[in-house]
Amino acid sequence: MAMAQSDYTVTFEQMFEPAGGRTLPKQTFFNLSPEKQAHLLRHAVDEFYAYGYDKASLSRIVERAGIAKGSFYQYFDGKNDLYRYIVEELMIKRKLNKYKELRSRAADFSLTDYLTFTSQSIIEDFADDAKLVKMGLEFAQHLDSPLAQEILKQYANVQANFYVPIIEEKQQQGQVDPNIDPLVLNYMLMGLSTLWTRLLVTRGMNPESYDYIMDCLDKVKYILNHGILPDGGESIRPVNR
């Protein structure tokens with residue numbers, strides 16, 4: 001049977017472009033010095049870390065940042081835009097930049113080893129930033145919220161396509177079964193990223209959780225490499241439909 005062809009038409013660079021353009025503060029925010037931008041964002045992260053999105057207070061943020069609330073509204077329309085900018089700029093963009101960096105290493109690994117490599121690298125990249133990790137875990141707990149859906153919709157191309165070109169390359173090299181649909185396998189592999197996040201939500205961000213996820217990754221690799229049937233499916237009779 002010929003190799004399963006995907007409908008993959010997005011280039012690697014296009015994959016990482018927000019669908020409707022990244023949410024930005026007002027131009028007046030960018031007129032601030034980088035130090036003043038970072039100062040405001042740092043106090044905002046502290047507030048969201050301590051109270052979560054729902055209970056976070058703009059009054060506390062501007063008080064600790066030492067700016068008037070009127071000045072804040074010259075930079076952002078409100079708490080929603082500030083939170084969204086932090087999630088997109090400090091978390092999603094950082095993760096996507098890491099994906100771009102790791103993409104160049106795909107040729108060095110089998111598909112399953114690359115899965116482990118990318119998962120481990122991204123977890124380690126955020127491991128030392130407890131405040132952003134907690135914000136990320138809270139965000140992951142509310143993925144069905146309108147705000148989360150609005151943000152995630154911007155980056156649907158990554159979710160839908162990230163592993164597709166890598167899978168197709170490995171198929172051409174004879175490392176992946178050519179009968180496997182790259183899009184379906186991509187969704188399965190990307191779903192693991194959500195699983196690791198939910199494990200961190202329930203178990204907490206700690207060395208034990210990290211070790212548990214690495215152990216789970218090894219078990220996922222075994223399943224992907226060997227399948228779920230003891231004899232590769234040779235004893236399974238085809239079902240007449």
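Residues are numbered from 1 along each chain as its sequence is written, and side-chain values use heavy atoms, without hydrogens or water. Because the model is predicted, local features need pLDDT of at least 70 and side-chain atom pairs count only at pLDDT 80 or more, while totals for chains, interfaces and linings use all residues.

**Salt bridges**

The whole structure contains 11 salt bridges, each defined by a side-chain nitrogen of Lys or Arg within 4 Å of a carboxyl oxygen of Asp or Glu. Three of them are listed here.

| Glu 47 | Arg 60 | 2.8 Å |

Helices are DSSP runs (H or I, at least four residues), numbered from the N terminus. Asp 113 is partly exposed at 31% relative accessible area, whereas Lys 221 is buried at 18%. Here, buried means under 20% relative accessible area, exposed over 50%, and partly exposed in between (1.4 Å probe, protein chains only).

Arg 84 and Glu 88 both belong to helix α6, 4 residues or about one turn apart. Arg 84 is buried, with a relative accessibility of 6%, and Glu 88 is buried at 0%.

Glu 47, Arg 60 and Arg 64 are linked in a network of salt bridges. Within it, Glu 47 is buried at 1% relative accessibility, while Arg 60 is partly exposed at 24%. The charged end of Arg 60 also sits over the ring of Tyr 51, 3.8 Å from its centre; the criterion is NZ of Lys or CZ of Arg within 6 Å of the ring centre and within 35 degrees of the ring normal.

**Aromatic contacts**

There are 15 aromatic pairs in the structure. Rings of Phe, Tyr and Trp (its six-membered ring) pair if their centres lie within 6.5 Å; planes under 30 degrees apart count as stacked, over 60 as edge-to-face and the rest as tilted. Phe 29 and Phe 30 have ring centres 5.6 Å apart and planes at 80°, so their pair is edge-to-face. Phe 29 also makes an edge-to-face pair with Tyr 85, at 6.0 Å between centres and 75° between planes. That pair joins helix α2 (residues 27–30) to helix α6 (residues 79–103), its members being 56 residues apart. Both Phe 29 and Tyr 85 are buried.

**Helix α8**

Helix α8 (residues 130–141) has 12 residues. Its buried residues include Leu 132, Glu 138 and Phe 139.

Key: Helices (H or I, at least four residues) and strands (E, at least two) are DSSP runs, numbered from the N terminus. The expected span of a helix is 1.5 Å times one less than its number of residues.
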